[in-house]
Amino acid sequence: GSSHTFIGPNVMWIQPSTLTELVELKARYPSAKLVAGNTEIGVETKFKNMNYPVLISTTNVPELQSVSVSEDGVTIGGAVTLSQFNDELKKVILSFPEHKTRVISSIVEMLQWFAGHQIRNVASVSGNIMTASPISDLNPLFLAAEATVCVQSQERGRRLVKIDKSFFCGYRKTAVASDEVLLSVIIPFTRKNEYFAGYKQANRKEDDISLVTAGMKVAVSKVNTINKVILAFGGMGVTTLLANTTMESIVGDEWTDPLVAKVSELLAGDLPLSPGAPGGFVEFRQALALSFFFKFFVTVRQQIL
Ligand code: FAD
């Protein structure tokens with residue numbers, strides 16, 4: 001392989017074409033920014049006075065462009081654009097039984113509300129995860145789906161990192177180290193007894209950033225009691241977060257009407273927003289989070305009947 005390098009007055013742009021080179025470059029320039037669609041970085045440099053003297057493009061590296069499907073789920077390369085991601089997932093929906101593709105269908109539905117065509121045609125999956133915006137539309141889904149990322153650094157090689165409660169570890173921070181490249185995201189299929197949904201509410205219906213987003217998954221037993229539940233939210237704090245206490249407290253409960261009242265009380269404790277919280281609309285956002293759970297409750301109840 002060979003890297004192309006363009007040197008301008010303010011920025012050096014390096015475009016490697018192999019993974020080895022990409023990982024080496026990230027080690028050689030520890031403060032360099034990896035860039036895929038540039039839809040976050042472009043906003044930061046143009047409007048937020050950020051300055052990144054070395055940019056390393058990921059888009060020519062084949063490993064980051066690959067998509068593979070197995071019996072267990074879908075693996076999406078880090079530089080795959082959201083439009084390609086959408087196309088690939090639609091194919092998966094057609095070739096697997098409905099119960100396996102409940103996460104996949106929710107992602108496709110969510111992508112419809114994610115920015116506009118121009119952004120989706122260049123923005124990458126890894127760019128959304130790594131930006132770790134508290135109002136990301138995809139991260140609550142990845143968290144609820146128990147997705148995993150595969151990362152690689154020159155020093156420590158390859159490792160898998162689960163997108164779990166410790167992954168989004170601070171404002172725009174993830175558990176991926178600064179010398180690591182995100183290679184791919186592994187999205188597991190759902191099982192017959194697992195139900196999933198994603199929700200987004202924005203001020204405007206189309207092409208708008210969200211006020212609140214959510215990803216929810218529940219695994220139920222034969223008698224419709226909760227084996228495991230994951231309730232992930234965006235727009236309710238400084239990171240994409242989990243309603244941990246609620247999730248733990250309802251294991252073993254039945255998926256019946258009394259659950260709604262119980263969750264209503266618990267969720268308020270898991271999702272506190274102070275009156276002056278960034279983003280405003282505090283009461284509205286709290287009501288949205290609760291109503292997303294109510295929607296999920298009704299949807300799942302209809303599916304398990
Ligand atoms: P880039 O800007 O290229 O990179 C973003 C960050 O990810 C950088 O820190 C970069 O270093 C890092 N990164 C990229 N690739 C890798 C890698 N392989 N390994 C490690 N780090 C990596 N977001 C939403 O969630 N919902 C929306 O509705 C939405 N609408 C938008 C509308 C507009 C008009 C704009 C400008 C942005 C919008 N966004 C939205 C935000 C943005 O488009 C997404 O976060 C997008 O997924 C970023 O991807 P990118 O490839 O452009 O990232």
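## Helix α5

Helix α5, residues 102-111, is mostly covered, with 7 of its 10 residues buried. This description rests on a predicted model. The buried residues of α5 are R102, V103, I104, S106, I107, M110 and L111.

What do the buried residues of α5 pack against? Their partners include four strands and helices from other parts of the chain: β6 (73-77), α4 (82-95), α6 (117-120) and α8 (139-145). Strands β9 and β10 (194-202) are also among the elements that the buried residues of α5 pack against.

## The chain as a whole

The chain contains 11 helices and 13 strands. Its radius of gyration is 20 Å, close to the 19 Å that the globule rule gives for 305 residues, so the chain is as compact as a globular protein of that length. Along the principal axes, the C-alpha atoms fill a box of roughly 65 × 45 × 35 Å.

Of the 305 residues, 40% count as buried. Among contacts in the chain with a separation of 6 or more, 62% are between residues 24 or more positions apart.

## Domains and the contact between domains 2 and 3

The chain is divided into domain 1 (4-57), domain 2 (62-188) and domain 3 (194-304). The C-alpha centres of domain 2 and domain 3 are 21 Å apart. Their contact takes 23 residues from domain 2 and 25 residues from domain 3.

On the side of domain 2 that touches domain 3, α5 and α8 each supply at least two residues. Which element gives the most to this side? Helix α8 does, with 6 residues. By class, this side of domain 2 has 14 nonpolar, 5 polar and 4 charged residues.

## The shell around the ligand

The ligand is surrounded by 29 residues, and the closest are A36, G37, T39, G127 and N128. Sorted by class, the shell has 15 nonpolar, 11 polar and 3 charged residues.

Four elements each supply at least two residues of the shell: β3 (33-35), α2 (41-47), α7 (125-131) and β9 (181-188). Of the elements, α7 gives the most, with 5 residues.

Note on methods. Residues numbered from 1 in each chain as written. Predicted model: local features only at pLDDT ≥ 70, side-chain atom pairs only at ≥ 80, totals over all residues. Near = placed C-beta within 6 Å. Nonpolar A, V, L, I, M, F, W, Y, C, P; charged D, E, K, R; others polar. Rg over C-alpha atoms; globule rule 2.2 N^0.38 Å. Buried ≥ 20, exposed ≤ 12 C-beta atoms within 10 Å, placed from the backbone. Contact = placed C-beta atoms within 7 Å. Domains from an automatic or database assignment.
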